[in-house]
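Please read each one with the structure open beside it.

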Amino acid sequence: MRLLQRAAWAAVLAGAVTTACTPWGSTPWYAGWRGAAGAAAVAALAGPVSVALGESPRSGSVAGALFRSALLALMLCVFAGGFAFSLSGWFHQHDRDVHATLRVSAAVTGCHDSGDTSTECTYHWTADGHEYRADEGADEQWPDGHRVGVRIDPVHPQRAPVTGGGYWPLWIMVAVGGLGTPFILCAWCLLEEPTE
């Protein structure tokens, strides 16, 4: 069971790396999420199954082992998932920045609080005689009709415009996830070590 659990940990990390390094919303991106979630479930169940089968020398009940494994699996998913999501998000935002080389004027409508500290608005712009629109974050709640300069991808003008370039929240999540993931794995490994 310990070998299965460690293989599941490795699969969680492989899924997180796959998600972090593949294009946002692609088939491998979703496969990475599904694989990591399934592996985390296997890792969480390996501990209590080991106790139930009498393979674990660590004293305790099956319920206690299940709770410990489930808690550690949840923490691993939070840290590894946060790392994968934020790094993938950075790659996605950076790719948008690189390709958004055409500056256009966009009319803003429907600005509202998006539930946290950010504001979301609907941007309307014209490119090559066609009108486009997208909901994106904004620096402030502008009145309807306010015009702002945005950058779009001239090859794909229908894609959402780039309205800013601040990556620091993503980098904070990358750092927290990158440091928290090995910490949780070490803690899990120590907690699952046999006692003398």
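1. Overall make-up. This is a predicted model, and what follows should be read with that in mind. The protein chain comprises four helices and four strands, and from the N terminus on these elements follow the order α-α-α-β-β-β-β-α. Of its 196 residues, 37% count as buried. Among contacts between residues at least 6 apart in sequence, 66% join residues at least 24 apart.

2. The largest nonpolar core. This core has 19 residues, and those with the most contacts inside it are Trp-9, Val-12, Ala-43, Leu-76 and Trp-188. The elements that give two or more residues to this core are α1 (2-21), α2 (27-52), α3 (62-99) and α4, with the largest share, six residues, coming from α3. As a general background, nonpolar side chains in soluble globular proteins tend to be buried together.

3. Leu-76 and its partners. Once its neighbours within four places in sequence are left aside, Leu-76 is in contact with Trp-9, Val-12, Gly-81, Thr-181, Ile-184, Leu-185 and Trp-188.

4. Helix α4. This helix covers residues 168-191, and its 24 residues reach 34 Å from the first C-alpha to the last, close to the 34 Å expected at 1.5 Å a residue.

5. A second, separate core of 15 residues includes Val-104, Trp-125, Ala-134 and Trp-142. Of these, Trp-125 is found in strand β2 (residues 119-127), and it counts as buried because its relative accessibility is 1%, against a cut-off of under 20%. Trp-125 and Ala-106 are 19 residues apart in sequence, while their C-alpha atoms are 4.6 Å apart in space.

6. The second largest pocket. Which residues line this pocket? The lining is made up of His-92, Asp-95, Arg-96, His-99, Ala-100, Asp-153, Arg-159, Ala-160 and Val-162, and these divide into three nonpolar, two polar and four charged residues. The pocket has a volume of about 180 Å³. One of its lining residues, His-92, is found in helix α3 and counts as partly exposed because its relative accessibility is 30%. His-92 and Thr-22 are 70 residues apart in sequence and 9.3 Å apart in space, C-alpha to C-alpha.

7. Asp-128. This residue lies in the loop between β2 and β3 (130-138), and it counts as exposed because its relative accessible area is 70%.

8. Glu-140. Is this residue buried or partly exposed? Glu-140 is partly exposed, with a relative accessible area of 45%, and its place is in the loop between β3 and β4 (146-152). Leaving aside its neighbours within four places in sequence, Glu-140 is in contact with Cys-111, Thr-119 and Cys-121. The C-alpha atoms of Glu-140 and Thr-119 are separated by 6.3 Å, although the two residues are 21 residues apart along the chain.

How values were computed. Residues are numbered from 1 along each chain as its sequence is written. This is a predicted model: local features need pLDDT of at least 70, side-chain atom pairs count only at pLDDT 80 or more; totals for chains, interfaces and linings use all residues. Side-chain values use heavy atoms; hydrogens and water are left out. On a 1 Å grid over the protein atoms alone, a cavity is a set of points where a 1.4 Å probe fits but cannot get out, and a pocket is an open set with protein on both sides within 12 Å along at least five of seven lines; lining residues have an atom within 4 Å of a point. Grid points are joined across faces, edges and corners, and a volume is the space filled by probe spheres set on the points. Ala, Val, Leu, Ile, Met, Phe, Trp, Tyr, Cys and Pro count as nonpolar, Asp, Glu, Lys and Arg as charged, and the others, Gly among them, as polar. The expected span of a helix is 1.5 Å times one less than its number of residues. A nonpolar core is a set of buried Ala, Val, Leu, Ile, Met, Phe, Trp, Tyr and Cys residues joined through side-chain atoms within 4.5 Å. Buried means under 20% relative accessible area, exposed over 50%, partly exposed in between (1.4 Å probe, protein chains only). Contact means heavy atoms within 4.5 Å.
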